[in-house]
Amino acid sequence: MCTYQTEQLPVRGSGKGASGWFAVREATVYVDHPVHAPDLHTLNIDLRNPELGPSARVALELDGASARALAEAISRALGRTPDGLLEGATSSQGE
Amino acid sequence: MDVAMRAETVTLTGHGGDRIEGYLAQPVGDGQPPAGGVVVIHHMPGYDDWSKEVTRRFAFHGYPALCPNLYSREAPGASPDDAAATARAAGGVPDERLVGDVAGAMETLKALEVCNGKAATIGYCSGGRQSLLAACSLPLDAAVDCYGAFVLNTPPEGAPLSVRPLGDRVKDLHCPLLGLFGADDQFPAPDEVAQLEKLLAGAGKDFEFHSYEGAGHAFFCTDRPAYRPEAAVDGWNKIWDFFGRHLS
């Protein structure tokens, strides 16, 4: 199936794409056919910077177990992080 | 019958007079009778290698074919997967723009010497719905819907794509329609296909639907695990028969 269900959210950080590092500004998360992974359906994540054009994208296609394990690992890592460490002072980010 | 062909990237005039990219494949050589043109509406993953293979396949069978890059505006020159990701994030292809782009592709095909003045659409995945939409909007001679979803059902809550059901447009369908579906598909699920069949029959439209057991969405896609050779081979035969009757 091609699902039309897409989670979309603003993000702030950096990703490494085909042309090197760039600032990521937007994430989309959806279940659909993968372009590359050898599965019928995958959990797909696109980290993008629309201002830099379509090629400013880091793409992931994960099978269901991997996606769930990754989400749990992110939650565990964040849960072990001291309060305030990730919400502290930020510097401006080059693109 | 083997047909020599020329295949190339072209620029065509789409909706609103925009110049958009397309992939054109046409038979060449003497002795080839003109045939109707086929507008290939690519699937949601975009204007990719497989869509171009499909376009060439029509030319190989004697039909000039043109696949407009529906994501030309959002992502000119981008790789198909990056373009598809951008289009998805932007809400997909607006219906009005789709019709304008298909109209431009249809006119481009009709102007070819190898075209007999007839034209059809074929669309896959999101393009299946768009093929039906085009057939309800443009003077086409035939249309093929390959597993198009949300023809009747409303997209899920929160879906950002700008698609709406086409139930109220079915009355405007004025050309024969061929529908090819996978019985295991969930978008469109068999009940949505059955509802569409009922609606078309009730409106007295000329159509034929085939659903394949053991096949799901995207069963024509040879480069994906969803490929189902048995369904795809039979589906292609249905297409040749259908176009043979309506595009000759």
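How many residue pairs are in polar contact across the interface of chain B and chain A? The rule finds six, both residues of each pair being at pLDDT 80 or more; a polar contact is a pair of N or O atoms within 3.5 Å, where within protein one must be able to donate a hydrogen and the other to accept it, and residues adjacent in sequence count only if both atoms are side-chain atoms.

1. Basis. This is a predicted model, in which local features need pLDDT of at least 70 and side-chain atom pairs count only at pLDDT 80 or more, while totals for chains, interfaces and linings use all residues. Residues are numbered from 1 along each chain as its sequence is written, chains are lettered from A and ligands numbered from 1 in the order in which they are written, and side-chain values use heavy atoms, with hydrogens and water left out.

2. Interface of chain B and chain A. Chain B brings 28 residues to the contact and chain A brings 22 residues, contact meaning heavy atoms within 4.5 Å. The size of an interface is often given as the accessible area lost when the parts come together. Here the buried area is about 2,200 Å², with 62% of it from carbon and sulfur atoms; buried area is the accessible area (1.4 Å probe) that two parts lose on being put together, summed over both.

3. Charged pairs and make-up of the interface. Three salt bridges are counted between chain B and chain A, a salt bridge being a side-chain nitrogen of Lys or Arg within 4 Å of a carboxyl oxygen of Asp or Glu. Asp82(B) and Arg57(A) form a salt bridge through their side chains, at 2.6 Å from N to O. On the side of chain B that touches chain A, helix 2 of chain B gives the most, with six residues. The residues of that side comprise 16 nonpolar, five polar and seven charged (Ala, Val, Leu, Ile, Met, Phe, Trp, Tyr, Cys and Pro count as nonpolar, Asp, Glu, Lys and Arg as charged, and the others, Gly among them, as polar).

4. Ser72(B). This residue sits in the loop between strand 4 (65-68) and helix 2 (80-89) of chain B; helices (H or I, at least four residues) and strands (E, at least two) are DSSP runs, numbered from the N terminus. Ser72(B) has a relative accessible area of 9% and is therefore buried, a class that means under 20% relative accessible area, with exposed over 50% and partly exposed in between (1.4 Å probe, protein chains only). The side chain of Ser72(B) has the backbone nitrogen of Glu21(B) at 3.1 Å, and a polar atom of that side chain lies 2.8 Å from the backbone oxygen of Asn69(B). Not counting residues up to four places away in sequence, Ser72(B) touches Ile20(B) and Glu21(B).

5. Strand 5 of chain B. Strand 5 (residues 115-124) is largely enclosed by the rest of the structure, because seven of its 10 residues are buried. Strand 5 runs parallel to strand 3 (residues 35-41) and is joined to it by six bridges; two strands pair if DSSP finds at least two bridges between them. Val40(B) has Ile122(B) as its bridge partner in strand 5. Five bridges join strand 5 to strand 6, also in parallel, and Ala120(B) stands opposite Ala142(B) in strand 6.

6. Strand 7 of chain B. Six of the six residues of strand 7 are buried, so this strand is largely enclosed by the rest of the structure. In a regular strand the side chains alternate between the two faces of the sheet. In strand 7, Leu177(B), Gly179(B) and Phe181(B) point one way and Leu178(B), Leu180(B) and Gly182(B) the other way, and all are buried. Strand 6 and strand 7 run parallel with four bridges, Val144(B) standing opposite Leu178(B). Strand 7 and strand 8 run parallel with six bridges, Gly179(B) standing opposite Phe209(B).

7. Leu173(B). Located in the loop between strand 6 (142-146) and strand 7 (177-182) of chain B, Leu173(B) is buried at a relative accessible area of 4%. Leaving aside neighbours within four places in sequence, its contacts include Leu132(B), Cys136(B) and Leu200(B).

8. Backbone points to check. The peptide bond from Phe187(B) to Pro188(B) is cis, with omega near 10°. Cys125(B), a residue other than glycine, has a positive phi, near 60°, and lies in the loop between strand 5 and helix 4 (126-135) of chain B. Ala218(B) likewise has a positive phi, near 65°, and counts as buried at 4% relative accessibility.
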